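Reader: I would like to learn how to read a protein model feature by feature. Could we take the features in turn, with the general idea before the case?

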Amino acid sequence: MDALDARILLAVDDDPDATSLALAKRLGVARNTLHARLQRLQATGAVREYTRRVDPGALGYGLVAFVSVALSQTTGRLAATAIAELPEVIEIHSTTGEADLLLKVVARDTADLHRISGDILSVTDVVRTSTAISLCEELPMRTRALIERAALHVP
């Protein structure tokens, strides 16, 4: 990603509904250049899908929890694939330390979280879990400051 890519991402972040022509004029680049770069950013995964912007709370999933998962060390490699099939699991990270996976899970309430925890525990090769409920989101996931740095070519 170069500085122009970063400037394009900032412009899209500022006005997600802007047309390619409007963004190109704002940035002083050809519309075809802007369009090609946006397509490349999407194809490489630099720009993620629109659904990542939807707040699960707006869908009724206001409870957020983080679940540490310990897997069987000999056969647990396929468990992440099975866990990913649960729609309430919105992120999965492989980790070091006591847990093998860290999940970000959303639920409607604590009873729903209990059901989801049972679903996770029922996955073959899940040995144990530990759950922490988020009381509030102190800082939502952000990337704008990183994009701004990239736009300035600051390493």
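Reader: Let me begin with one side chain: is R144 buried, partly exposed or exposed?

Author: R144 counts as partly exposed, at 29% relative accessibility, where buried means under 20% relative accessible area, exposed means over 50% and partly exposed lies in between, with a 1.4 Å probe and protein chains only. Before we go on, please keep in mind that this is a predicted model, in which local features need pLDDT of at least 70 and side-chain atom pairs count only at pLDDT 80 or more, while totals for chains, interfaces and linings use all residues. Residues are numbered from 1 along each chain as its sequence is written, and side-chain values use heavy atoms, with hydrogens and water left out.

Reader: With which residue does R144 form a salt bridge?

Author: Side chains of opposite charge can pair when their charged atoms come close. The rule used here asks for a side-chain nitrogen of Lys or Arg within 4 Å of a carboxyl oxygen of Asp or Glu, and by this rule the count comes to 10 salt bridges. R144 forms one of them with D13, and the closest N and O atoms of that pair are 2.8 Å apart. The pair links distant parts of the chain, since R144 lies in helix α6 (residues 144-151) and D13 in helix α1, 131 residues apart; helices (H or I, at least four residues) and strands (E, at least two) are DSSP runs, numbered from the N terminus. D13 counts as partly exposed, at 41% relative accessibility.

Reader: What is the partner of R40 in a salt bridge, and where do the two residues lie?

Author: R40 pairs with D5, and the closest N and O atoms are 2.8 Å apart. This pair too links distant parts of the chain, with R40 in helix α3 (residues 31-43) and D5 in helix α1 (residues 3-14), 35 residues apart. R40 is partly exposed, with a relative accessible area of 37%, whereas D5 is buried, with a relative accessible area of 1%.

Reader: Let us turn to strands: in what order do they stand in the open sheet?

Author: Strands of a sheet pair through backbone hydrogen bonds, either parallel or antiparallel. Two strands are taken as paired if DSSP finds at least two bridges between them, and here four strands make an open sheet in the order β2-β3-β1-β4, with antiparallel pairing. β2 (89-94) and β4 (126-133) each have a single partner strand and stand at the edges, so one side of each is left without a neighbour in the sheet. On average, neighbouring strands of this sheet are turned by 20° against each other, direction ignored.

Reader: How many bridges join β1 to β4, and which residue stands opposite S68?

Author: Strand β1 (residues 63-71) and β4 run antiparallel and are joined by seven bridges, and S68 has S130 in β4 opposite it.

Reader: Which helix packs on the sheet?

Author: Helix α5 (residues 110-121) does, and it touches β1, β3 (101-107) and β4, where contact means heavy atoms within 4.5 Å. The direction of α5 makes about 155° with that of β4; such axes are lines fitted to C-alpha atoms, for helices over the stretch in contact, and angles run from 0 to 180 degrees between N-to-C directions.

Reader: Which residue lies over the face of Y61?

Author: R108 does, at 4.3 Å from the ring centre; a charge sits over a ring if NZ of Lys or CZ of Arg is within 6 Å of the ring centre and within 35 degrees of the ring normal.

Reader: Finally, what is the phi of D125, and where is this residue found?

Author: Most residues other than glycine have a negative phi, and most peptide bonds are trans. The phi of D125 is near 80°, a positive value in a residue other than glycine, and D125 is found in the loop between α5 and β4.
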